[in-house]
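Trainee: I have a new model open and would like to learn how to read its features one by one. Could you walk me through it?

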Amino acid sequence: MTSKNLCFKLMIEDLKRRVWTIALTILTMVFGLVVPAAIRSSSYLDQLSWRKEEYERVRAAKNLVNLLGINGAVITLLLILAVVWAVSGFKYLHNSRQVDFYHSIPVRRHQLFLSSYLNGILVPAVVYLVSQIIAAALVLRTGVGAEMVGTLPWTMFLVNMVYYSMMYTVTVIAMMLTGNLIVALLGTGVFLSYGPAVVYLTEGYKQVWFRTFYETEAQMWLMRRNICYSSPFANYMFALGDFSEGALGVRRVIGAAAVTAFMAVFAYGLYRIRPSEAAGRAMAFKKTKSPIKILIALPVSVVFGIFFYGLRSTLTWGIFGTVCGALITCCLMEIIYHFDFRKLFANWIHLAGCCGVSILLFLAGMYDWYGYDSYLPKATDIKSAAVLIGYTEEWVTYGEPKENTDYRGRKSYGWNYARDTEYQFSHMELTDIYPVMELAEKGIAAAQSNDPGAFWEVTQNWQESQRYVIQFRLNNGRVVNRQYWIPIDEEVAALRASIHDSKEYKRGVYPLLNQLPQDTSSVYFQQYNQVTPLTLSTDDRNHLLALYQKELEELTMEDRENSLPIGTIQFRTKELDQAIAYNRELDYGYEELEGRCYYPVYPSFIRTIEALEAAGVKPVLLEEAFIDSIMVTYSWKIGREGYTEPWEGDNIVIYDGKYDIQTLAPALVFYDYYNMNEFYDRDYAANIDVTVKFVPGVFSSDKRTNNGRFYIDLNRLSKEEADRLMLYGKSYD
């Protein structure tokens with residue numbers, strides 16, 4: 001009991017010398033939380049007079065209640081107060097006279113520590129709690145229901161105070177490890193930022209040096225998790241993000257409280273062994289100098305090396321930057337340690353070691369000493385593989401309908417997107433891995449070029465190279481992901497065709513091939529913006545689905561290189577039809593859903609086309625008789641000296657003469673069909689935008705005019721005709 005009373009008395013005495021800190025805390029909370037709550041509440045009451053619609057009132061009320069939740073101003077002020085309270089409570093450790101005085105008091109060390117440490121948490125907690133209660137009362141005074149406010153103020157108070165205590169304890173540890181206030185503040189910054197900085201640097205290092213590096217969604221999630229747990233500040237920010245999404249669990253808060261308690265015990269341990277003569281020094285413990293210096297110097301050196309290498313892409317400049325980073329960091333920290341500019345090279349052994357290790361890290365990345373880019377699993381170790389061929393199937397829709405709530409509080413369906421790479425990796429299982437391995441070998445050869453400029457040219461020249469992402473799944477459960485940029489030649493094209501033509505590849509790319517008949521409720525066919533629903537029995541619908549799936553599986557690379565789709569078909573699932581029907585009743589957002597999940601119909605899909613004709617839909621090829629006029633909009637031209645110039649004057653030409661339409665009709669390629677086939681041997685006019693006006697009633701359900709956006713394929717025109725129509729951008733002024 002005597003010990004408890006003594007600790008309480010020490011806390012009272014500690015508060016007496018920190019009256020200014022208490023006053024600052026009160027002013028901070030009043031003007032950071034209470035006053036804004038009063039202003040917003042008053043403004044909300046004024047707005048009720050002119051906000052007539054219910055959704056506007058609800059939105060205004062939510063904005064008001066959010067003041068009690070994740071409030072950026074309050075969070076920032078709490079972070080500042082954490083530093084202020086830690087510094088004011090233990091600043092005496094940095095003054096030798098004050099240290100002698102405090103340590104001469106006949107009081108045990110743990111009581112001195114607890115009196116200052118607990119005040120730094122309890123006082124801000126009381127002030128913040130009172131301010132939160134007042135702010136909540138001001139919000140409820142406006143008539144906002146208690147059910148809308150709920151437990152938000154108290155949950156937010158708990159979360160903020162747990163992480164405030166963590167930030168506060170980190171600063172206390174920095175105060176214990178140092179003997180100078182400036183160094184302590186620098187140390188606090190290092191503790192809060194070092195972990196995320198190293199994680200980001202590791203990620204950047206791999207992206208810069210590992211030319212075949214590729215990250216899946218799971219790996220990116222792992223990186224975010226590493227960042228979350230790499231520093232108290234990062235963990236706080238992630239916790240706030242989870243809280244805003246309603247995903248912050250009790251375990252996260254309890255874990256943060258447990259870590260804070262552990263750090264408090266550690267801080268007390270440092271306080272117990274901290275020598276009194278450490279006051280005024282940069283570092284309280286000599287043994288911490290070298291590890292801290294090395295841990296800071298190495299990442300900084302790597303950053304400097306990458307930065308200078310990025311400027312000139314040469315070995316010389318990379319090593320120069322690496323050495324500069326180590327030299328500047330080590331010398332600067334020696335100055336801080338000794339408070340003396342003459343101590344720049346006080347520890348040249350550490351400097352030489354940091355330079356050597358940093359240079360090795362630079363060279364290891366540049367010359368792939370890790371063997372990352374050259375790694376290729378043995379064929380006998382591979383269970384299956386997946387290959388993503390460039391950006392060739394971006395038209396495919398991945399995901400599913402999902403019920404959403406908009407800013408007005410209305411329920412509707414939207415599209416919940418899924419990443420194409422994740423879908424393909426999870427659904428593609430290539431068992432014939434030899435073409436994949438040969439493709440990877442060519443990718444390794446391209447990546448191992450020591451000429452960065454040459455490799456950069458390969459990655460950027462999309463007309464002569466292509467991107468491949470390969471995933472190897474090994475028998476031992478390990479997954480290996482690599483990304484290659486491979487120059488296109490006949491051998492690569494043959495390997496690509498071999499992979500593309502396999503059914504396993506297509507089942508991994510096209511979700512429709514995994515769609516079951518019982519999940520399909522309707523079929524729609526589209527040609528030149530005209531959508532036609534098919535009236536089919538259940539058996540006929542299932543039969544058409546089976547025919548199309550079979551022919552899509554049999555689609556070859558040769559077919560895609562030599563032809564384009566003549567239409568698109570949509571097999572709607574029951575979920576999609578229900579979502580469209582729900583949105584249609586609202587007259588809101590159904591058009592976007594109706595355009596999802598269309599697949600191409602190629603001329604080679606003979607059985608599908610026959611089934612469509614049997615259902616009363618006859619796909620037709622575009623003929624000149626269907627075209628009323630062709631509008632060409634020119635965006636640029638080639639000037640007298642061969643440079644492109646903006647088009648001057650009227651840049652729109654309408655071709656409605658019979659000869660011009662007859663000339664252009666065979667070269668017209670519908671925009672949507674063209675973008676569904678990246679493998680087609682294309683040569684389109686890049687300087688023009690083409691809109692075709694169809695004859696009324698041809699591609700529309702009534703007599704209205706229907707327009708379509710087209711490309712002009714220069715392969716289907718003679719050079720003379722293309723020149724006459726200025727399709728190469730030439731000027732005949």
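Trainee: Which residues does L93 touch, not counting residues up to four places away in sequence?

Mentor: This is a predicted model, so let's keep that in mind as we read. L93 touches V99, M176, Y271, R274 and A279, once residues up to four places away in sequence are set aside. The residue lies in the loop between α4 (72-90) and α5 (96-104).

Trainee: Is L93 buried or exposed?

Mentor: Buried counts as under 20% relative accessible area. L93 has 2% relative accessibility, so it is buried.

Trainee: Now the rings, please. How many aromatic pairs does the structure hold?

Mentor: There are 39 aromatic pairs. Take Y117 and Y168 as one case: their ring centres are 5.3 Å apart and the angle between the planes is 40°, a tilted pair. Y117 lies in helix α6 (residues 109-141) and Y168 in helix α8 (residues 152-177), so the pair ties together parts that are 51 residues apart in sequence. Y117 is buried at 6% relative accessibility, and Y168 is buried at 0%.

Trainee: What would an edge-to-face pair look like?

Mentor: Planes over 60 degrees apart count as edge-to-face. The planes of F670 and Y673 are at 65°, with the ring centres 4.8 Å apart, so this pair is edge-to-face. F670 is buried at 4% relative accessibility, and Y673 is buried with a relative accessible area of 2%.

Trainee: Which residues do ring pairs link into a cluster?

Mentor: The cluster consists of F90, Y92, F113, Y117, Y164, Y168, Y268 and Y271.

Trainee: Which residues is S116 in contact with, leaving aside its neighbours within four places in sequence?

Mentor: S116 is in contact with D14, R17, R18, G89, F90 and Y168. S116 lies in helix α6 and is buried, at 3% relative accessibility. Notice that F90 and Y168 also belong to the ring cluster.

Trainee: Rings can also meet charges. Where does R482 lie?

Mentor: R482 lies over the face of Y372, at 3.7 Å from the ring centre. In another case, R572 lies over the face of Y524, at 3.8 Å from the ring centre.

Trainee: What is T532 in contact with, apart from its neighbours within four places in sequence?

Mentor: Its contacts are V523, Y524, F525 and V617, and Y524 is the ring under R572. T532 sits in strand β7 (residues 530-533) and is partly exposed, at 26% relative accessibility.

Trainee: How do I read the packing of two helices?

Mentor: Two packed helices are described by the angle between their axes and the distance between the axes. Here, the axes of helix α14 (residues 315-338) and helix α15 (residues 348-366) come within 9 Å and cross at roughly 150°. The crossing is right-handed. On the α14 side, the contact residues include L315, G318, I319 and T322, and on the α15 side they include L351, C354, C355 and S358. By class, this contact has 13 nonpolar, three polar and no charged residues.

Trainee: Which residues of helix α16 (residues 420-427) are buried?

Mentor: T421, Y423, Q424 and F425 are buried there. Their cover includes β1 (382-389), β4 (465-474), β5 (479-487) and α20 (503-509).

Trainee: And how should I look at backbone angles?

Mentor: Most residues other than glycine have a negative phi. F339 has a positive phi, near 50°, and is not a glycine. F339 lies in the loop between α14 and α15 and is partly exposed, with a relative accessible area of 46%.

Trainee: What is the phi of D368?

Mentor: D368 has a positive phi of about 55°, although it is not a glycine. D368 is in the loop between α15 and β1, and at 15% relative accessibility it counts as buried.

Conventions:
Residues are numbered from 1 along each chain as its sequence is written. This is a predicted model: local features need pLDDT of at least 70, side-chain atom pairs count only at pLDDT 80 or more; totals for chains, interfaces and linings use all residues. Side-chain values use heavy atoms; hydrogens and water are left out. Rings of Phe, Tyr and Trp (its six-membered ring) pair if their centres lie within 6.5 Å; planes under 30 degrees apart count as stacked, over 60 as edge-to-face and the rest as tilted. Helices (H or I, at least four residues) and strands (E, at least two) are DSSP runs, numbered from the N terminus. Buried means under 20% relative accessible area, exposed over 50%, partly exposed in between (1.4 Å probe, protein chains only). A charge sits over a ring if NZ of Lys or CZ of Arg is within 6 Å of the ring centre and within 35 degrees of the ring normal. Axes are lines fitted to C-alpha atoms, for helices over the stretch in contact, and angles run from 0 to 180 degrees between N-to-C directions. A crossing is left-handed if the near helix is turned anticlockwise from the far one by less than a right angle, and right-handed if clockwise. Contact means heavy atoms within 4.5 Å. Ala, Val, Leu, Ile, Met, Phe, Trp, Tyr, Cys and Pro count as nonpolar, Asp, Glu, Lys and Arg as charged, and the others, Gly among them, as polar.
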